[in-house]
Amino acid sequence: MGKIIAGDSFRFTFWMRTCHYARSKRWLRYTLFPFAWVMHHHLTYRMGISIPHSTRIGSGFYIGHFGGIVVNHRAVIGRNCNISQGVTIGQANRGRNKGYPTLGDNVYIGPGAVIVGNVRVGNNVAIGANSVVTRDVPDDSVVAGVPARVLSQEGSAGYVNRTDYDHRIR
């Protein structure tokens with residue numbers, strides 16, 4: 001338990017969420033937010049993680065290894081999302097998938113994976129290492145490859161480190 005709380009991933013997530021909360025409350029916007037923003041900004045550069053505090057992220061967000069993680073501020077990430085190093089969740093500026101990704105609950109994203117454009121990644125999905133997701137992914141799928149294709153319907157069971165501790169999860 002001490003390693004989780006003292007770990008770099010926890011510190012980054014803590015200051016990112018503190019920024020998000022403090023910015024939304026009028027009385028904290030001028031007191032806590034500036035300090036939280038400095039801490040978040042410092043950890044962004046120190047760890048190589050670019051996740052803006054304005055990104056909508058559900059509970060149980062877990063960063064397995066820091067370094068090279070980039071998330072667009074308009075992406076939406078569901079509960080219990082596990083992200084590995086080298087992941088990009090980004091925007092497509094043109095074409096049929098112009099927009100930002102939306103990730104469901106209990107999603108595992110392997111190292112080096114890229115999710116780009118207006119795609120929906122369903123619930124209980126595992127995305128393999130170095131995959132490039134440019135199309136919607138159905139619930140309970142395992143995808144891999146460039147471009148990513150559905151390999152099985154076994155989902156993310158066994159991959160997701162559920163850190164929101166909600167006992168209602170299936």
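**Salt bridge, aromatic rings and a buried isoleucine**

Modeller: Let us begin with charged pairs; the structure holds one salt bridge. Please bear in mind that this is a predicted model.

Biologist: Which residue forms a salt bridge with Asp 139?

Modeller: The partner is Arg 120, and the closest N and O atoms are 3.7 Å apart. The pair links distant parts of the chain, 19 residues apart: Arg 120 belongs to strand E11, while Asp 139 sits in the loop between strands E13 and E14.

Biologist: Is Arg 120 buried, partly exposed or exposed?

Modeller: A residue counts as buried under 20% relative accessible area and as exposed over 50%. Arg 120, at 39%, is therefore partly exposed, and Asp 139, at 35%, is also partly exposed.

Biologist: How many aromatic pairs are there?

Modeller: The count is four. In one of them, the planes of Phe 14 and Trp 15 stand at 80 degrees with ring centres 5.0 Å apart, so the pair is edge-to-face. Trp 15 also forms an edge-to-face pair with Phe 35, at 5.4 Å centre to centre. That pair connects helix H2, which holds Trp 15, with helix H4, which holds Phe 35. Trp 15 is buried at 15% relative accessibility, whereas Phe 35 is partly exposed at 46%. Ring pairs join Phe 10, Phe 14, Trp 15 and Phe 35 into a cluster.

Biologist: Where does Ile 57 lie, and which residues beyond its sequence neighbours does Ile 57 contact?

Modeller: Ile 57 lies in strand E2 and is buried, with a relative accessible area of 13%. Beyond four places in sequence, Ile 57 is in contact with Met 16, Arg 17, Ile 51 and Ile 77.

Definitions and conventions: Residues are numbered from 1 along each chain as its sequence is written. This is a predicted model: local features need pLDDT of at least 70, side-chain atom pairs count only at pLDDT 80 or more; totals for chains, interfaces and linings use all residues. Side-chain values use heavy atoms; hydrogens and water are left out. Helices (H or I, at least four residues) and strands (E, at least two) are DSSP runs, numbered from the N terminus. Buried means under 20% relative accessible area, exposed over 50%, partly exposed in between (1.4 Å probe, protein chains only). Contact means heavy atoms within 4.5 Å. A salt bridge is a side-chain nitrogen of Lys or Arg within 4 Å of a carboxyl oxygen of Asp or Glu. Rings of Phe, Tyr and Trp (its six-membered ring) pair if their centres lie within 6.5 Å; planes under 30 degrees apart count as stacked, over 60 as edge-to-face and the rest as tilted.
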